[in-house]
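Hello,

Here is the structure I promised to pass on. Please have a look at it, and then read my notes below.

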Amino acid sequence: METRTNQKMYWTLLVHEKWSLYMAATSKGLCYVGSHNKPFEELSDWAKNRFSDSVLIQDDEKLQPYVTELTEYFRGERKSFTIPFDFYGTPFQLAVWNALCEIPYGQTQSYSDIANYIQKPAAVRAVGTAIGANPVLITVPCHRVIGKNGSLTGYRGGLNMKTQLLQLEQESLLTEGSVLHV
């Protein structure tokens, strides 16, 4: 696991309706989106492990572009993200995270689908491990990955959060589909 040192990391707490989660970014982009209703320690522990000697600075203004896009997502108004990211992983993890970004809004794929997509069909368990290491929940949509049999499987934010995100996307698509075009 790569660690970076002496990095300034800016954070804020996003609160929108029932959603409450910590987010962090470097000067290069979004590097962390936390789990719903988890304490600040989830972010600070992650930062200690990945960014040794990093400085966490609360800066709501600097994080506003990220908060705006996530809030639009929670409202059902945004289906993809345009914000810059600053996440690091192994080449395998990056391949998996990039594959996650290809899963269309409101759809799901299995771990096997992702393994096949990155041309590593035998690496299903490693795909699961890479997905579990995704530092930017929601924006890199690991919640869209389910078991081959259609069951919901592990999620860093918890299965309740995963269920809520999938329902939000389905409801948004249903609402969008019910708009009459004259």
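Two strands are said to pair if DSSP finds at least two bridges between them. In this predicted model, strand β2 (residues 19-25) and strand β3 (residues 30-33) pair in the antiparallel sense over three bridges, with A24 opposite Y32 in β3. Four residues lie between β2 and β3 in their hairpin, and G29 in that turn has a positive phi of about 155°.

On its other pairing, β2 runs antiparallel to β1 (residues 8-16), joined by seven bridges; Y10 has A25 as its bridge partner. The hairpin of β1 and β2 has two residues between the strands, and E17 takes a positive phi near 50°.

Is β2 buried or exposed? Seven of its seven residues are buried. Side chains in a regular strand alternate between the two faces of the sheet. Here W19, L21, M23 and A25 are on one side, S20, Y22 and A24 on the other, and both faces are covered.

Now to the rings. There are eleven aromatic pairs. One of them is W11 with F40: the centres are 4.7 Å apart and the planes at 55°, so the pair is tilted. Because W11 lies in β1 and F40 in helix α1 (residues 40-50), this pair ties together parts 29 residues apart in sequence. W11 is buried at 13% relative accessible area, while F40 is partly exposed at 23%.

Y73 and Y105 make an edge-to-face pair, 6.1 Å centre to centre with 80° between the planes. K79 lies over the face of Y105, 4.8 Å from the ring centre.

Best wishes

Definitions and conventions: Residues are numbered from 1 along each chain as its sequence is written. This is a predicted model: local features need pLDDT of at least 70, side-chain atom pairs count only at pLDDT 80 or more; totals for chains, interfaces and linings use all residues. Side-chain values use heavy atoms; hydrogens and water are left out. Buried means under 20% relative accessible area, exposed over 50%, partly exposed in between (1.4 Å probe, protein chains only). Rings of Phe, Tyr and Trp (its six-membered ring) pair if their centres lie within 6.5 Å; planes under 30 degrees apart count as stacked, over 60 as edge-to-face and the rest as tilted. A charge sits over a ring if NZ of Lys or CZ of Arg is within 6 Å of the ring centre and within 35 degrees of the ring normal.
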